[in-house]
Every structure is written in structure tokens, then in C-alpha cells.
Amino acid sequence: ASLLPDGRVLVAGGDDISFPLATTELYDPGAETFAWSGSLSAARSGETATLLGDGRVLVVGGSQLASAELYDPGTGAFTGTGSMATGRDGHTATLLLNGDVLIVGGWTPDPGGWWTELSAPEVYHSGTGTFSPP
């Protein structure tokens with residue numbers, strides 16, 4: 001969930017009894033109501049959602065995905081952006097002072113079907129829409 005500049009809260013993805021969701025809703029705390037707000041391009045569970053300085057929300061990873069997308073609260077639409085080198089679940093995402101986002105930790109499945117913890121961080125560069133090692 002991400003607090004938007006106008007006070008609403010974007011709730012994106014998640015799961016419903018182990019099935020990832022592509023749905024999103026906006027919660028209006030003043031009216032105490034939820035309203036549908038478009039769909040993610042991919043169902044995601046274990047993703048992060050980070051409010052960027054320009055008011056958009058960066059949704060990264062989840063459900064073993066390396067992809068990311070941006071939510072525009074003005075239009076309610078999601079658009080694709082760069083992809084990480086490795087799909088990850090359960091990671092953290094921290095907005096840096098320069099407007100980039102540091103992605104750290106999480107896990108990914110290995111070829112044997114086990115989960116491997118990730119130690120290599122990645123940075124989302126908000127100016128270019130790309131990911132790279134720090």
C-alpha cells in the first residue's frame with residue numbers, strides 16, 4: 001500500500017489464498033471507502049510499491065517477477081518500466097534522496113525448486129526507468 005499525495009491510499013496486488021492478484025484499489029480515508037483503480041499488467045504478490053517524488057508509484061517484483069510498472073494517480077493507469085536482473089519476492093524498496101529507488105534482499109526460486117535469498121541489490125533510476133547494480 002502507498003500513501004498518495006492527495007491522502008488516498010493505493011493498494012496494489014497481493015494474494016487471495018495463494019493466488020497473486022493484478023487488481024488495485026484506492027482507499028479514501030475521508031469517506032472510508034474503497035474504489036477499483038485499474039489493473040496491474042501482471043498479478044503480483046510479495047511486491048513493493050514506492051511513492052516517487054513526482055507522485056507516481058513504482059511497483060516492483062513479486063510473484064518471482066523481474067518486471068516493474070508505474071502507477072499514475074492522475075489517470076489511474078499502469079505502464080511498464082525497466083526490469084530487474086533477477087525476479088524477487090519479499091524484498092524492500094527505499095526511495096533515495098536523488099529520487100532513485102534501492103531494491104534490497106528478497107528471494108527467488110532456484111532451478112531445484114528451492115528458494116534462494118538474494119544478496120545483490122539493484123537500483124531503479126527514476127530518470128531513465130532502468131535498473132542497475134548500485
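What follows is a chat about strands, cores and selected side chains in a predicted model.

Q: Which strands form the open sheet, and in what order?
A: This is a predicted model. In it, four strands make an open sheet, ordered β10-β11-β14-β15, and they pair antiparallel.

Q: Which ones stand at the edges?
A: β10, residues 92-95, and β15, residues 130-132. Each has a single partner strand, so one side of each has no neighbour in the sheet.

Q: What does the twist average?
A: From one strand to the next, the average is 25°.

Q: How many bridges join β10 to β11?
A: Four, with β11 covering residues 101-104 and the two strands running antiparallel. Within that pairing, A93 has I103 of β11 as its bridge partner.

Q: I103, ok. Which residues make up the largest nonpolar core?
A: I103 is one of ten residues there.

Q: Which strands supply at least two residues of it?
A: β7 (57-60), β8 (68-72) and β11 each do.

Q: And Y124, what does it touch?
A: Not counting residues up to four places away in sequence, Y124 touches L58, L70, V101 and F131, among others. Its contacts also include T81, D100, G129 and T130.

Q: What about a second core, which residues does it include?
A: There is a separate one of nine residues, and L40, V57, V59 and F78 are among them.

Q: Switching to H91. Where is it?
A: H91 sits in the loop that runs between β9 (77-81) and β10.

Q: Buried or exposed?
A: H91 has a relative accessible area of 7%, and buried means under 20%, so H91 is buried.

Q: What does its side chain lie 3.2 Å from?
A: A polar atom of the H91 side chain is 3.2 Å from the backbone oxygen of V60.

Q: Which other residues is H91 in contact with?
A: Leaving aside neighbours within four places in sequence, the contacts besides V60 are G46, E47, T48, G61, G62, I103, V104, G105 and G106.

Q: Now aromatics. How many pairs does the structure hold?
A: Four aromatic pairs. In one of them, the ring centres of W107 and W115 are 6.4 Å apart.

Q: Why is that pair edge-to-face?
A: The planes of W107 and W115 are at 85°, and over 60 counts as edge-to-face, so the pair gets that label.

Q: How accessible are the two Trp residues, W107 and W115?
A: W107 is partly exposed, at 35% relative accessible area. W115 is partly exposed too, at 45%.

Q: What about T108, where is its place?
A: T108 is in strand β12, residues 107-109. T108 counts as buried, at 14% relative accessibility.

Q: What does its side chain reach?
A: The T108 side chain reaches the backbone oxygen of G87 at 3.0 Å. T108 is also in contact with T86, W114, W115, T116 and L118, leaving aside neighbours within four places in sequence.

Q: Last one, E25. Which strand is it found in?
A: E25 is in β4, residues 19-28, and counts as partly exposed at 36% relative accessibility.

Q: Which residues does E25 touch?
A: Apart from residues up to four places away in sequence, E25 touches V9, L10 and V11, along with F34, A35, W36 and S37.

Q: And how far from G55?
A: The C-alpha atoms of E25 and G55 are separated by 17 Å, and the two residues are 30 residues apart along the chain.

Definitions and conventions. Residues numbered from 1 in each chain as written. Predicted model: local features only at pLDDT ≥ 70, side-chain atom pairs only at ≥ 80, totals over all residues. Heavy atoms only, no water. Pairing = 2+ DSSP bridges. Axes fitted to C-alpha atoms, helices over the stretch in contact; angles between N-to-C directions. Buried < 20%, exposed > 50% of the residue type's maximum accessible area, 1.4 Å probe, protein only. Contact = heavy atoms within 4.5 Å. Core = buried A, V, L, I, M, F, W, Y, C linked by side-chain atoms within 4.5 Å. Polar contact = N/O pair within 3.5 Å; in protein donor to acceptor, adjacent residues only side chain to side chain. Phe/Tyr/Trp six-rings, centres within 6.5 Å; stacked < 30°, edge-to-face > 60°.
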